[in-house]
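Colleague: Before I use this model, I would like to go through its surface, its overall form and a few single residues with you. Could you take my questions in turn?

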Amino acid sequence: MQTLSVEQKAALCLGADFWHTAAVPGVASILVSDGPHGLRVQPAGGDHVGLGGSLPATCFPTAAALASSWDPALAREIGAALGVEARAQGVGVVLGPGVNIKRSPLCGRNFEYFSEDPHLTGVLAAALVEGIQSRGVGTSVKHFAANNQETDRLRVSAEVDERTLREIYLPAFEHVVTRARPWTVMCAYNKVNGVYASQHGWLLTTVLRDEWGFDGVVVSDWGAVADRVAALVAGLDLEMPPNRGVSDRAIVDAVADGSLDEAVLDRAVDRMRRLVERAGPPSPDPAAVDWDAHHALARRAAADGIVLLRNEGHDPEDRVLPLHDSPSLRVAVVGELARTPRYQGAGSSQVNPTRLDVPLEEITAALPLATMSFAPGYALDGPPDRLLADEAVALATGADVVVALLGLPAAAESEGFDRDHIDLPTAQLTLLSRLADTGVPVVVALAHGGVVRTDPWEHRVAAVLECWLGGQAGGGALADVLTGAVDPGGRLAETVPLRLADTPSHLNFPGEEGRVRYGEGVFVGYRGFDALDRPVAHPFGHGLSYTGFGYSGLTVDVDGTDLTVGATVTNTGARAGREVVQLYVGDPECSVARPPAELRGFAKVALDPGESRTVTFTLGARDLSFWSTARGGWVLEPGEFEIAVGASSRDLRLCRTVTVDVPLPRVPLTADSTLQEWLADPVGGPALRAAAGPGILQDEELLRVIGNFPLGRLAAFPGIGITRETLTHLGAGERGAG
Ligand code: BGC
């Protein structure tokens with residue numbers, strides 16, 4: 001191994017340019033590129049902020065759409081395809097996936113994130129990472145951590161307690177790091193509890209490396225480094241893009257004046273060397289990619305993420321979907337989005353697609369016998385347009401069914417800013433109301449990244465398909481689902497609220513004066529809606545199929561802290577379909593407030609009519625535990641747990657209460673522990689009773705009044721039998737006792 005000078009070491013820990021790491025003697029440069037759902041390799045000569053003019057690459061469904069598939073096998077397949085494209089374009093590390101939790105529906109970047117639920121996020125992201133890395137290309141799981149908004153994202157401090165971090169915002173990172181071993185992790189821009197994520201030693205070293213065993217490179221988000229030396233010490237190895245002449249100078253000077261131990265720099269250098277070795281020499285070869293096959297995969301994936309929110313009608317034959325092609329069928333396709341599709345979000349994840357399916361063309365091709373007509377109905381960015389709406393309504397009047405493509409214009413959501421409402425544009429709502437007035441059944445197909453309200457208009461339409469931002473083949477996927485060529489495979493990865501104001505983070509988003517308080521704690525998304533018993537438009541996990549599913553035969557075997565849960569799901573309808581069987585766990589008796597039910601497992605099963613499958617889940621102690629800030633660790637309290645299996649967080653078909661018999665975890669008792677805490681402790685209680693003798697400890701009424709006094713304070717009260725000597729006897733003097 002070549003010996004490097006301090007200058008060369010410092011150079012290696014900074015990029016060479018926007019997308020390349022630096023080459024130093026013995027260590028080659030590698031190319032990194034966004035992003036989560038497609039590559040964004042800028043050829044030399046691209047713009048200098050790294051946004052425009054990238055090489056064509058397959059634009060797969062965005063994370064919001066992929067998450068709705070609840071299908072890790074699919075995520076792995078997409079990952080492998082991304083890996084192949086990355087290798088073919090000479091990319092060593094793909095900058096994704098983004099695993100931040102959707103704390104608020106307003107976050108402008110929600111399209112790039114998976115879910116409001118950490119388990120779903122972690123499982124899908126790990127599969128994506130495994131897929132990409134299976135092709136010899138690295139990943140960068142981002143943005144670590146608590147980057148849940150775009151407002152003031154480079155400065156804002158996410159004020160979040162440790163339990164909430166451990167239970168909500170860190171588990172997806174933890175799952176990916178421990179299961180899929182990503183080559184790199186990207187730090188967030190924001191501060192976490194007052195410290196920049198880029199120089200957060202607890203996050204970047206204590207948790208990430210010491211606890212989770214991460215052995216790769218921590219890279220900065222682009223421009224996230226505020227203090228290069230502090231970042232290096234905290235565990236940030238690579239700064240991107242390089243603040244040349246400043247950051248390298250700061251490192252060299254700090255080593256020279258002794259304020260930075262060179263061993264810290266060496267550690268980062270070793271990690272960089274290893275990363276470059278792992279990536280190996282690039283072998284760009286665009287011919288190595290089967291672009292058609294990737295487009296087909298993108299189409300299958302997009303269909304797998306389409307969620308059928310509503311399909312009115314008691315019996316299948318009464319329902320408007322799927323559409324049955326016939327010469328007598330007249331379909332009016334309405335909406336500018338049918339010919340100007342929205343299929344991805346803006347910002348660093350924006351892909352230059354290899355092809356683009358236009359929904360109108362795809363729907364027309366999928367219904368060759370039917371009579372098709374089209375009217376744009378609204379302008380994407382404009383106010384209501386009477387003439388456009390009149391034309392669409394006239395068309396609708398002469399049709400058997402209206403397929404209305406609605407959604408958000410590109411300008412409404414992006415990296416860089418948050419939304420301020422979750423409604424569809426007024427022009428579209430006005431049009432939809434008039435279409436519904438015609439009495440012709442309306443099917444709404446939605447395209448957008450962050451959640452939109454459906455409640456104000458949904459009862460007036462016959463069916464709603466939630467398509468998210470489905471990538472370059474989203475148009476074909478929509479046609480597949482509309483016609484029933486593909487069963488709608490998606491289930492909601494986030495709650496659709498009735499109103500923005502109902503969302504648990506509402507009063508604390510996006511913060512003020514540089515701070516955002518995560519006041520809802522662990523009650524994010526459905527955890528909060530359920531705990532508050534608030535109605536929602538569509539619950540987390542919801543999604544219909546063109547067939548029906550029955551649940552039966554719940555079994556729960558308890559072996560210590562290991563649970564094996566089984567349930568049988570049966571296709572009770574007349575068509576093949578896919579169901580997502582979801583397992584939720586609740587801990588109704590707990591010393592801390594917990595969400596009524598939390599997703600702990602899921603399985604996607606494809607079933608032919610009449611077919612049944614038994615799905616089995618295994619749960620361990622961690623799945624039943626909460627993070628105790630007081631005890632600094634995961635705690636499993638004995639008692640009853642509710643195990644529920646169903647089709648959504650609010651459609652739990654099978655439930656069972658089981659008892660988990662473990663010793664009650666003991667809290668260390670000190671002079672600061674209350675009388676109640678002492679008496680409740682299986683060892684401390686009897687010891688105190690013996691030491692204090694009879695007297696007030698037998699007076700139940702008095703105990704209720706003074707039970708919350710710390711023992712040390714009671715020792716100052718005369719005549720109650722608890723004295724300084726009692727404390728000393730119990731070992732609860734100044735330093736406490738066990
Ligand atoms: C984004 C990252 C992205 C990076 C490089 C940043 O602005 O937050 O997600 O990977 O730019 O494009």
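This is a predicted model: local features need pLDDT of at least 70, side-chain atom pairs count only at pLDDT 80 or more; totals for chains, interfaces and linings use all residues.

Colleague: Why does the radius of gyration of the protein chain agree with that of a compact globule?

Modeller: The radius is taken over C-alpha atoms, and the globule rule is 2.2 Å times the number of residues to the power 0.38. Because the chain has 738 residues, a compact globule would have a radius of gyration near 27 Å, and this agrees with the value for the protein chain, 28 Å.

Colleague: How far apart are the C-alpha centres of domain 2 and domain 4?

Modeller: Domain bounds come from an automatic or database domain assignment, which gives, among others, domain 2 as 300-504 and domain 4 as 675-730. Along its principal axes the C-alpha trace of the protein chain spans about 95 × 70 × 45 Å. The C-alpha centres of domain 2 and domain 4 are separated by 67 Å.

Colleague: Is Ser33 buried or exposed?

Modeller: Ser33 belongs to strand β1, residues 31-33, where strands (E, at least two residues) are DSSP runs numbered from the N terminus. Leaving aside neighbours within four places in sequence, its contacts (heavy atoms within 4.5 Å) include Leu39, Val91 and Leu95. Buried means under 20% relative accessible area, exposed over 50% and partly exposed in between, with a 1.4 Å probe and protein chains only. Since the relative accessible area of Ser33 is 1%, this residue is buried.

Colleague: How far apart in space are Phe509 and Thr438, C-alpha to C-alpha?

Modeller: Phe509 lies in the loop between α16 (474-482) and β15 (515-517), and it is buried, because its relative accessible area is 12%. Leaving aside neighbours within four places in sequence, Phe509 has contacts that include Arg103, Cys107, Asn148 and Asp418. Phe509 and Thr438 are 71 residues apart in sequence, and their C-alpha to C-alpha distance in space is 40 Å.

Methods
Residues are numbered from 1 along each chain as its sequence is written. Side-chain values use heavy atoms; hydrogens and water are left out. Helices (H or I, at least four residues) and strands (E, at least two) are DSSP runs, numbered from the N terminus.
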